[in-house]
Amino acid sequence: MSQKSVSRFWEWGRKIVCVGRNYADHAKELGNAVPTEPVLFLKPPSAYLREGSPILVPRYSHNLHHEVELGVVIGKGGTSIPQGSAMDHVAGYALCLDMTARDIQDECKSRGLPWTLAKAFDTSCPVSDFIPKERIPDPGDVTIWLKVNDRLRQSASTSQMIFSVPYIISYISDIISLEEGDLILTGTPKGVSAVQEHDELEAGIDGVVTMTFRVDRQQ
Ligand code: MG
């Protein structure tokens, strides 16, 4: 590995590939069909946010939603990675929030436009510390949760994912080559809701990590 450590993946400037609608109960709560193949979109590296800095509600949105997700950090790049060896490409994990301007996303959907304004703005990807691979022996069997102002909003096992982590790595790398330092967001369970200026978001993976972020409005 180079001088850069993948444990600070957010500093690498690599891409963030996100999977939408990977939990059936979340697809249903937004009125979407349960997909037969993954829905993909991207966030730029400028979307990264670390604890200590606030999540900013974009000026153009009045309905910013939280989506808590398990993130997968790529340790070894590849193209068309087979499912059977996909886990060899994983360096570790991170707890992530896919912050979503839901009002803008709804508008984009109805007008057939891409989701960039809804999903890719600055601070739209808060991330926890890096979690070494050994600390999560099975990424398909951990509980992720999120509280807003101490009230539980989302809590689910990753066993409810429609597409598994190895499947997602294989599927994405068939289309977009994965590189060391890339991050994959694996989708959110039900319970998404709006956050406001001054709210406090706390999220965790049971027994592994917690993180806290405040919400502010973009000036
Ligand atoms: Mg999401």
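This is a predicted model: local features need pLDDT of at least 70, side-chain atom pairs count only at pLDDT 80 or more; totals for chains, interfaces and linings use all residues.
Figure 1. Altogether, 17 residues line the cavity. Which of them lie nearest its centre? Those are G20, R21, H26, E67 and K119.

**Figure 2. What kind of space the cavity is.** The structure holds one cavity of 30 Å³ or more, and the volume of the largest cavity comes to about 110 Å³. Sorted by class, its lining has seven charged residues, six polar ones and four nonpolar ones. E67, one of the residues nearest the centre of the cavity, turns up again in the next view, as a donor to the magnesium ion.

**Figure 3. The magnesium ion and its donors.** Three residues hold the magnesium ion here: E67 and E69 through OE atoms, and D98 through an OD atom. The distances run from 2.0 to 2.1 Å. Along the chain, the donors are spaced as E-x1-E-x28-D. E69 and D98 bring distant parts of the chain together, being 29 residues apart. E69 belongs to strand β6 (residues 68-74), while D98 sits in the loop between β7 (90-97) and β8 (100-101).

Figure 4. A disulfide needs the two sulfur atoms within 2.5 Å. Look from the other end and the story holds: C125 is in no disulfide, and its nearest cysteine sulfur is the one in C96. The disulfide count for the structure is therefore zero by the 2.5 Å rule. Both cysteines are tucked away from the surface: C96 is buried at 0% relative accessible area, and C125 is buried at 0% as well.

**Figure 5. The six-stranded sheet.** Follow the strands across this open sheet and you pass β2, β1, β13, β6, β7 and β10, in that order, with mixed pairing. Which strands stand at the edges? They are β2 (39-43) and β10 (131-132), and each pairs on one side only. Inside the sheet, β6 and β13 (residues 183-185) run antiparallel and are joined by three bridges. For V72, the bridge partner in β13 is I184.

**Figure 6. The three-stranded sheet.** Here is another open sheet, with the strand order β8-β5-β14 and antiparallel pairing. The edges are β8 and β14 (194-195), and each has a single partner strand, so one side of each is left without a neighbour in the sheet. Strand β5 (residues 64-65) pairs with β14 over two bridges, in the antiparallel sense. What is the bridge partner of H65 in β14? That would be A194.

Methods: Residues are numbered from 1 along each chain as its sequence is written. Side-chain values use heavy atoms; hydrogens and water are left out. On a 1 Å grid over the protein atoms alone, a cavity is a set of points where a 1.4 Å probe fits but cannot get out, and a pocket is an open set with protein on both sides within 12 Å along at least five of seven lines; lining residues have an atom within 4 Å of a point. Grid points are joined across faces, edges and corners, and a volume is the space filled by probe spheres set on the points. Ala, Val, Leu, Ile, Met, Phe, Trp, Tyr, Cys and Pro count as nonpolar, Asp, Glu, Lys and Arg as charged, and the others, Gly among them, as polar. Buried means under 20% relative accessible area, exposed over 50%, partly exposed in between (1.4 Å probe, protein chains only). Donors are N, O and S atoms within 2.8 Å of the metal (3.2 Å for Na, K and Ca); water is not among the atoms, so sites may look incomplete. Helices (H or I, at least four residues) and strands (E, at least two) are DSSP runs, numbered from the N terminus. Two strands pair if DSSP finds at least two bridges between them.
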